[in-house]
Amino acid sequence: MRVKKMIVVIIVCCLTYCLSGCWDMVEINQLAIINMTGIDFDPKTKKLKVYYHIINPKGITAKPGVDRAPFYSFHVEGSNTSQIISKANNVIGRNLFPDHYQAIVVTDRFAKAGIKNTINFHERQVERRSFIHLFVTESPLEKIMKTYMTLDKLEGTALRALAENQAKEFGTVSKFSRMKDIAENMETSATTFLPIVGIQDSNQPNAKRYEEINANLGNLVLTGGAIMKKDQMIGRLGLSDMKSTLILRGENERFYNTLHSNGKMMDIQSINTKVNKKLTIEDGTPIWKVNLYTELRILDNNLDEPLTLQNQNKVKERYKKFLIKQLIAIYEKGKKQNWDLFDLEATLQRSQGKEWKNMHKKDSWKKIKLDLEVNCKFIDVGEIIDPYKGKGS
Amino acid sequence: MERPQLSSWQFFLLTISHLIGSAFFYIPSTLVGTSKQISWILPLIAGAFTIIIACLWLHLASQYPKHSLIQICLKVGGKYVGCFFALLYIWYCLQITSWVTRDIGNFAKMTLLPHTPITMFHIMFLLIICYASIKGIDTIARTNELLLPIVIITLFILFLLTIPDWKWERFEPLLPFDWNASVKNTSNLMAFPFFESFTLMIIIPYVKNKAKKNFLLGMGCYTLLLSMVTFFIIGTLGVVRSSHAIYPLYTIMQEIQISPLIEHLESTISMILLTTIFVKISITYYCCVLGICQLFQLKDRTWVSIPLILLVSGIAMAFEDIVEDVDWYNKYAFANGALYGIILPLILLAVSGIRKFSNRQKENIAK
Amino acid sequence: MITFLLFFLISFTICLIILFKNKKPRKEIILFITIAMLGFADWISIITRHNFNPNKWIGIIIDQISFW
């Protein structure tokens, strides 16, 4: 019996050799945990410059700005991925650990040249994070990568929070600006919108920011949206255009608008916005029928008139007209600039039948007319119905 | 040798598990790659055809009740030809076991533990499977009875979690797809995994009752499940990405994001794959061992099971990498599967028919 | 190579001792040795990088049949 037990113990001991921990052991002190990556491409030298934000675990727990930084920015230059990885390991001296990175920033010149290789490399990695947002920057990448954020110690985390919050609450960033969205649109004619970030007053891109009360100085700020067709940036939109585009695309559920009347204004927040889109053809002319329904909340009301049902209806009508004007403007802008902002080319391709036969050419989408209908209702007027009448009334 | 008894419910679950194996993990990518948005229909077509062919298998089994596939081969083909047929089926079981073992090795090495040698996964996995096969089919069936419902429920919960990523637009436009490739895909799909279930004919005599009904029902349920998984993959991942990914289901789970804190649920799907593959290999390994035992009339499975680990883990290393595996599957899977799933059963049926006819004539002459 | 040979020899000998000690039928012992030797040969072919690939052979046979 004892011999049998001994044999079992020996076999178990031998089997432990086969356990995976022996090979795939990960020692946390040997890892360079990446929080954010920045990539720039120089068209002249055809070289990539990659920045890594490597987390310094001791710095996260330490008092910021005193002695330890929460992360360090490393950069390497090379003409291909393998060169960059080997050079990065030479500089960093630890194994790159990309499982926890939060954001990728690319320069606009790189985005304009096409980021196909980066996307393919990223999608090939098993430990990739495809739901992270991809950012474009028009500021020098070096400055973007060598600044500290104030509230979030890690820049990647801060950028991710910025994008997610904007997409959810203000609609200036598309919620489909993640790595996986751009990968999905690589082989279709659909458009992807990536947030553009810049740096505010870049004189203070260092740890002294922690001691400065004016947090705006050297802070990252959202400046617009990059229009990406497949893997290439074809144009840029300002923040208000981004908002309008995303409303008409049906990706923007919450947004703010201001109505002006006789020098007074009313701030309205639209929530629960729903967009129904349908492409039809009437007498050989394709018509894109869009039905937009939104619920309104009065955020600020400085109008002189009391908020009666009649006045409320007037405001509603004015708001509808305002929104239609705003959305038609962006629609026409897209056509004029040759930007298929609303994936109309793909929608046209989808439409099958005799009447659509001549509509499958490349630029046919520009012939589409927009038929926009807006419906809205007030659901929240705030705690006071009428504004207080002060001196100015 | 003991004569285990399987309930009809256990056999139904075993059929589903045997079919699930690694197929629902690998197949959708190949399907979506060629047949685009309509790829979810292909499993239904392949399933329907296989169910018709399965009626043939069951007809063969019903002519020799209480006989396993190996015993049928020996009875129909006689000592030498029957032995050859039986050896072919044993080889088929061995082949399936080694392929699926390699599948788990590939998956684990690629996604979970990239630095661990692939052989280690094979050997560790096969050791447990060897133990399971020594314990017998009733042990495997009971394990499966416990694990499969958990697997299915987890899978559905995971599906629910990915609903925010669902887009109906992904089903249109109907991208131009290759008809020839779609037909080829359907036929390959019949070979892997549908024809592989023919090996279950080795254990069918152990089922207490309603074996045929549950076999077909299990096949039907799996067909629906595979179609649903493919449909779900198209809806959540889109045609473009799922046709590029090797493990689309894994990619989907990797991208689940319930909140910034709860994300990356791919380990759950890995557990599901490990479980389903464990049951599948256990069944085929057991069938292989049982087949050898029945062919050589042995009573103890232990000493056949143990050296098979060495053989299976060796054959599992035959393919250099997943590219060779996929290439072989696309070129030869149907031809290989058709030999065991259509040609041999037809020969067996024809010979048994001729034998019965000549026996009857002999009886008539004798009268 | 040496590790594998050592491992195989030790485990094979242990198994044979147990088989003979338990007075297993001769058929069982022969079958055990045959399967173990097949596995051993396969592994030697892998270690010596002359990988035996049955799938390749099956492919060749199918190609030949379809050619006819």
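Me: Before we start, when does a residue count as buried here?
Reply: A residue is called buried if 20 or more other C-beta atoms lie within 10 Å of its own, with the C-beta atoms placed from the backbone. Please keep in mind that this is a predicted model.

Me: Staying with chain B, which residues have the most contacts inside the largest nonpolar core?
Reply: Those are Cys73(B), Tyr89(B), Cys288(B) and Val289(B), in a core that has 123 residues. Helix α4 of chain B, residues 69-112, gives the most to this core, with 18 residues.

Me: What does Cys73(B) touch?
Reply: Not counting residues up to four places away in sequence, Cys73(B) touches Gly82(B), Phe85(B), Ala86(B) and Tyr89(B), and also Leu348(B). Apart from this core there is another, of 68 residues, among them Leu162(A), Ala167(A), Val197(A) and Trp288(A).

Me: Chain A, then. How is it divided into domains?
Reply: The domain assignment gives domain 1 (25-237) and domain 2 (239-393) in chain A, and the C-alpha centres of domain 1 and domain 2 of chain A lie 33 Å apart. Their contact takes 19 residues from domain 1 of chain A and 18 residues from domain 2 of chain A.

Me: Which elements on the domain 1 side give two or more residues?
Reply: On the side of domain 1 of chain A that touches domain 2 of chain A, these are α7 (155-170), β7 (191-199), β8 (220-229) and β9 (232-237) of chain A. The most comes from β8(A), with four residues, and by class this side has eight nonpolar, nine polar and two charged residues.

Me: What about helix α9 of chain A, how many of its residues are buried?
Reply: Helix α9 of chain A, residues 239-249, is mostly covered, with eight of its 11 residues buried. Among them are the charged-type names you might pick out, Asp241(A) and Lys243(A), along with Leu246(A) and Ile247(A). Just after α9(A), Gly250(A) takes a positive phi of about 85°.

Me: Switching to Phe97(A), why does it count as partly exposed?
Reply: Phe97(A) counts as partly exposed because it has 17 C-beta neighbours inside 10 Å, whereas a buried residue needs 20 or more. Phe97(A) sits in strand β4 of chain A, residues 95-97, and, leaving aside neighbours within four places in sequence, Phe97(A) is in contact with Leu31(A), Ala32(A), Ile33(A) and Ile34(A).

Me: Last one: how many residues does the contact take from chain C and from chain B?
Reply: That contact takes 22 residues from chain C and 20 residues from chain B. On the side of chain C that touches chain B, the elements that give two or more residues are α1 (2-21), α2 (26-47) and α3 (54-67) of chain C, and α2(C) gives the most, with 12 residues. The residues of that side of chain C divide into 13 nonpolar, five polar and four charged.

Methods. Residues are numbered from 1 along each chain as its sequence is written. Chains are lettered from A and ligands numbered from 1 in the order in which they are written. This is a predicted model: local features need pLDDT of at least 70, side-chain atom pairs count only at pLDDT 80 or more; totals for chains, interfaces and linings use all residues. A nonpolar core is a set of buried Ala, Val, Leu, Ile, Met, Phe, Trp, Tyr and Cys residues joined through C-beta atoms within 7 Å. A residue is buried if 20 or more other C-beta atoms lie within 10 Å of its own, exposed if 12 or fewer, and partly exposed in between; C-beta atoms are placed from the backbone. Two residues are in contact if their C-beta atoms, placed from the backbone, lie within 7 Å. Domain bounds come from an automatic or database domain assignment.
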